[in-house]
Amino acid sequence: MGTEEKTVKTVDLKLRKGVFFPPWILLAAMVVVSLTNGDAFLAGLNAVTSWVLDNFAWAFNLTALGSVITVIVIWFSPLGKVRIGGSKARPMMKYMDLVWITLCTIIAAGILFWACAEPMYHLYTPAVAAGVESGSADAAVFAMETMYLEWTITPCAIYVIATLTFAFVYYNMNQSFSLGSALVPAFGVKAKKFGGIVDVICLFSLVAGMAASIGTSVMSIGGGVESVFGIESGPASWLVIAALIMITFIISSVSGIMNGIRILSSLNAKVYFVFLIIIFLFGPTAYMLNVSVESLGAFLKDFVHLNLMNGAVYEDSWAKSWPVFYWCNWLAWTPITGVFLGKILRGYTVRDAIKCNFVIPAAFSMIWIALFSSASLYYEFSGQGLNETMLESGPESVVYSVFSQLPLSVIIAVFYVFIIFISIVTGSDTNTNAMAGLCTHGITPDQEEAPSWLKIVWGVTLGAVTYILIAFAGIDGIKAASNLGGFPNMFLVLIMIFGLLKISVNPKKYDVHKEDYDSNGRPIESPRLPVEEKEEG
């Protein structure tokens with residue numbers, strides 16, 4: 001018997017100091033300032049955020065709608081048939097594993113937190129442009145339209161832009177593992193000299209956003225623990241919860257994509273479907289179906305108008321506080337999330353990627369919103385006082401009020417605490433994996449995992465920052481900072497849109513990937529383009 005040997009060229013992995021230290025130090029400095037003079041710091045951040053939203057709401061709107069249009073164009077273009085990594089590339093994982101990971105990375109814990117609480121805001125404080133009376137049936141339809149807008153088609157399209165851009169330039173254009181490579185389709189290889197700067201900005205934006213998201217989830221779990229077990233939700237319980245989240249997602253991230261992340265995502269997604277079945281069977285089923293279908297029709301009819309609404313004509317701040325705020329927040333997350341999602345697309349076509357990253361997550365979110373958001377409206381109209389509960393105990397309490405209307409409510413609440421925990425762990429470990437990769441020189445398709453110690457450093461940093469902020473200073477400052485991250489990232493996404501549209505016209509012009517074959521007829525990756533240290537940060 002002969003033995004088969006596979007020779008893989010190894011590359012020494014080195015820390016990209018110019019990419020790692022600036023966002024890490026800036027984040028630490030921001031925490032120190034927020035602790036020493038929190039009110040002034042928060043006021044300054046809010047002032048800058050308000051200036052960005054007041055002057056560039058139109059740009060966020062156009063970027064969001066432009067992302068949707070671009071995804072549709074790519075689907076029907078020649079680019080849609082291109083296989084990521086070359087025509088002979090083999091998938092890293094089964095398609096359903098890819099779907100589970102993508103679903104949990106995009107959805108994370110946000111939709112669990114807001115699906116029941118947010119409709120209360122729009123029910124009683126609708127946009128002036130909607131022309132509906134507060135607390136009315138029309139306001140309920142508007143609330144459902146808004147939930148569809150902010151959590152389904154548009155955010156998924158924004159994620160797809162970054163995901164497809166990174167996947168194509170990394171695997172098919174043989175560019176380096178850096179967000180700076182996303183500039184190449186639009187401006188050429190010389191643009192990579194700005195790659196380190198792009199990576200630094202995107203890292204800071206994501207770290208700030210993740211700290212805010214983890215902090216929100218910690219408090220949400222704390223509220224659930226208090227509701228079920230009577231343990232007071234406060235700094236002591238938050239410390240334990242934050243530590244458990246941090247330890248779990250570090251272990252998962254260190255174990256790699258094919259182990260911890262894949263297993264957790266599969267479990268997480270299946271638990272999501274269990275919750276959908278529970279609310280469908282034991283909730284106000286007929287009402288949920290009727291309201292969600294009617295609202296879906298209104299959403300589709302008003303889709304363009306809702307995406308472009310900014311309230312300038314009516315001098316109304318609603319749009320800037322909600323959809324524009326969301327576009328800003330999604331943009332803060334999408335570049336680095338796109339790095340991770342793009343990295344696992346090798347072997348699938350661009351259309352496969354669009355189905356996985358756009359069609360399926362948007363459809364899932366639409367079903368989740370259809371059931372949970374409409375159920376919360378039903379219980380509010382039936383006199384259960386969900387809005388009053390939210391005003392008294394915070395938005396994290398609303399979902400437990402919904403569960404209290406269902407059979408076996410205590411068991412469901414415990415199950416819900418579990419799914420929040422798994423959701424935030426899943427979303428955190430995927431992004432930690434990408435963050436560590438961007439801070440590492442030498443990442444290639446053959447050597448795709450960053451050093452474990454770097455994942456641990458980012459994981460511990462996130463856990464520590466999250467706890468300090470929620471325990472001593474609150475998370476308002478870090479949330480404002482994460483919103484600011486969406487502003488520079490908006491320009492990056494616009495560049496990505498331009499680059500993708502250029503590629504979609506003639507993909508062969510940009511697809512330089514060439515397959516060589518070993519003695520057994522198996523494809524061997526073509527060499528990466530040389531990258532200078534100054535381009536790697």
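In this predicted model, Arg351 is placed over the face of Trp75, with 5.7 Å separating it from the ring centre.

A pair of aromatic rings is described by the distance of the centres and the angle of the planes. Two of the pairs are set out below.

| Pair | Geometry | Centre to centre | Angle between planes |
|---|---|---|---|
| Tyr272 and Trp368 | edge-to-face | 5.7 Å | 75° |
| Phe403 and Tyr416 | edge-to-face | 5.1 Å | 70° |

The pair of Tyr272 and Trp368 joins distant parts of the chain, since Tyr272 belongs to helix α10 (residues 257-282) and Trp368 to helix α15 (residues 350-381), 96 residues apart. Tyr272 and Trp368 are both buried.

Phe403 is located in helix α17 (residues 398-403) and Tyr416 in helix α18 (residues 409-438); the pair therefore ties together parts 13 residues apart in sequence. Phe403 and Tyr416 are likewise both buried.

Ring pairs also connect a cluster made up of Phe113, Trp114, Tyr121, Trp151, Tyr159, Trp322, Phe325, Tyr326 and Trp330.

In the largest nonpolar core, which has 179 residues, the members that touch the most others are Phe60, Ile245 and Trp368. Helix α15 supplies the largest share of this core, 16 residues; Trp368 lies in that helix. When neighbours within four places in sequence are set aside, Phe60 is in contact with Val52, Leu53, Val324, Trp327, Cys328, Leu331, Gly486, Phe487 and Met490.

Technical notes. Residues numbered from 1 in each chain as written. Predicted model: local features only at pLDDT ≥ 70, side-chain atom pairs only at ≥ 80, totals over all residues. Heavy atoms only, no water. Phe/Tyr/Trp six-rings, centres within 6.5 Å; stacked < 30°, edge-to-face > 60°. Helix = DSSP H or I, 4+ residues; strand = E, 2+ residues; numbered from the N terminus. Buried < 20%, exposed > 50% of the residue type's maximum accessible area, 1.4 Å probe, protein only. Lys NZ or Arg CZ within 6 Å of the ring centre and 35° of its normal. Core = buried A, V, L, I, M, F, W, Y, C linked by side-chain atoms within 4.5 Å. Contact = heavy atoms within 4.5 Å.
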